Amino acid sequence: MKNEKLKIGIAGLLIGLIAAALVYFGNPVNMGFCIACFIRDTVGALGLHRAENVQYIRPEIIGLVLGAFLMSLARKEFAPKGGSSAMTRFILGFFVMIGCLVFLGCPFRMILRIAGGDMNAIVGLVGFVAGIGVGILFLNRGYSLKRSYKQSKAEGIVFPAIQVAMLALLIAAPAFIFFTAADGGPGGLHAAVWISLAAGLAVGAMAQVTRLCMVGGIRDFILFRETKLLIGFAAILVAALAANLAMGNFDPGFVGQPVAHSDGLWNFLGMLLVGYGCTLLGGCPLRQLILAGEGNVDSAAAFIGLAAGAAFAHNFGLASSTSGATAGGKAAVIIGIVVVTVIALAHTFRKSEA
C-alpha cells in the first residue's frame, strides 16, 4: 500500500508539472489541462458550436485516450465492456459538462486554478465536495447503473481509433475544421501539437496505471477514509503551485482571474452539479476518458454526453463568461441538479433488493 501511495504521489507531482509546463509553452493560464474546456474546444473545431473564441482540436484529449489505450495494452488490461445504462451515462455526462462550463472548468482545472491563486476555484471546490457528498448518500442506499458486459475488442478499439482520426484532422487542417485565431481567445492559445500530444500521452499513461480520479479521491476518503487517490489529487496541486510560484504565474485573489468569474453562488452550484453527476457516473471527466481508452464503451457514451453538453452550452448561451453566469446557464444548472436527482432516485434500490 505504501508503494502504491508513493507511485500515485509521484504521478500526481509529474502531472502537476506537466500541466504547468503546458501553460509555459502556450496553453491559457491556469489551463494546462482542462478536460471540459478541451472537449468544448474540439467540439467547436468540428463546427458543432460556433463560438469562434473556443475552437481547436486539443491534442491533449487525443493523447489522454491513446496513452491510456497503449498502457492498458502493455499491461494486458485492455478489456472492452459496456451495456451499463449507456443512455443514462450520456445524460449524466451532458449535465456534468453544463456544470463545468458554468463554473468554467472541470475538476482538473479547478485544482490548477487554485494552484494559480484563483480563490473562486476554492468556492468551486466546496461545491464539488458537497456534490460528491450528495452522490454518496445515494451510493450508500444502493445506487447502481447495473453491471456491464464483455464486448468485442473491435468495439473497444472504436473510441481510440476516433482519436487517431482526430489527430489526422488536426495535422491536415482541412477547410471544414475551425480554428480560433492566435489572438482570438482561449482556443487560439495552445502549445505546439507535438508538445500537447506528448503531454496527453504521458498523463493518460500515468492516469491509467494509478486509476487517478478527482472524484474518486474525495469519495473514497469520505466513505472509507482511504487517502490513496486523494494523495494524487494533492500532489497535482502542490506541483502546479510550486511551478506557478517559480514562473511568476501565482496571482491570489477573486477578481481578474484568467478565464474565470467571481459569481460565488454559481461557482458553487456549477461544481456541485459536477461532483454530484460524476459520483453517479463513477468518475470525473478525466477518469471517463481513461476508461474509454481502456475499452469501456459506457465511458465513451459519457464522453459523447460531455461533448453534446459542450455544444449545447455554447449554442444556447449557457456557458459562463468572465462577466459571470448567464440566466440560461443558471437555469440549466438547476434543471441539471433536478434531472441528476431523478436519475439517482430511479437507480437507487435497497441493498436487500439489489
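Trainee: How many helices and strands does the secondary structure of the protein come to?
Mentor: Helices (H or I, at least four residues) and strands (E, at least two) are DSSP runs, numbered from the N terminus. On that basis the protein has 14 helices and two strands. The model is a predicted one, in which local features need pLDDT of at least 70 and side-chain atom pairs count only at pLDDT 80 or more, while totals for chains, interfaces and linings use all residues. Residues are numbered from 1 along each chain as its sequence is written, and side-chain values use heavy atoms, with hydrogens and water left out. The count asked for is 14 helices and two strands.

Trainee: What is the radius of gyration of the protein, and what does the globule rule give for 354 residues?
Mentor: The radius is taken over C-alpha atoms, and the rule is 2.2 Å times the number of residues to the power 0.38. The protein is as compact as a globular protein of that length, because its radius is close to the value from the rule. Along the principal axes, the C-alpha atoms fill a box of roughly 60 × 45 × 45 Å. The radius is 19 Å, against 20 Å from the rule.

Trainee: Which percentage of the 354 residues is buried?
Mentor: Buried means under 20% relative accessible area, exposed means over 50%, and partly exposed lies in between (1.4 Å probe, protein chains only). The protein exposes about 13,900 Å², of which carbon and sulfur atoms supply 68%; areas come from the Shrake-Rupley method with a 1.4 Å probe, and for residues only the protein chains shown count as cover. The buried share is 56%.

Trainee: Which residues form a nonpolar patch on the surface?
Mentor: Patch residues have over 30% relative accessible area and no salt bridge; like charges are joined within 9 Å, and nonpolar side chains (Val, Leu, Ile, Met, Phe, Trp, Tyr) within 5 Å. One member, L6, is found in helix α1 (residues 2-24). Together the members have about 350 Å² of accessible area. They are L6, I10, L14 and L17.

Trainee: Is G16 buried or exposed?
Mentor: G16 also has its place in helix α1. Not counting residues up to four places away in sequence, G16 touches I236, A239 and A240, where contact means heavy atoms within 4.5 Å. With a relative accessible area of 0%, G16 is buried.

Trainee: Which backbone oxygens does the side chain of S84 reach?
Mentor: S84 sits in the loop between β1 (81-82) and α4 (86-103), and its relative accessible area of 1% means that it is buried. A polar contact is a pair of N or O atoms within 3.5 Å; within protein, one must be able to donate a hydrogen and the other to accept it, and residues adjacent in sequence count only if both atoms are side-chain atoms. A polar atom of the S84 side chain lies 2.8 Å from one of these oxygens and the side chain reaches the other at 2.7 Å. The oxygens belong to L145 and K146.

Trainee: What is phi of K146?
Mentor: Most residues other than glycine have a negative phi. K146, in the loop between α6 (120-139) and β2 (149-150), has a positive value instead. K146 counts as partly exposed, because its relative accessibility is 49%. Its phi is near 70°.

Trainee: Which residue meets E77 in a salt bridge at 3.0 Å?
Mentor: A salt bridge is a side-chain nitrogen of Lys or Arg within 4 Å of a carboxyl oxygen of Asp or Glu, and by this rule the count comes to eight. The E77 bridge links distant parts of the chain, 134 residues apart: E77 is in the loop between α3 (59-74) and β1, and its partner in the loop between α8 (193-210) and α9 (214-224). The partner is R211.

Trainee: Which residue forms a salt bridge with R219?
Mentor: R219 is buried, with a relative accessible area of 18%. The closest N and O atoms are 3.0 Å apart, and the partner is D220.
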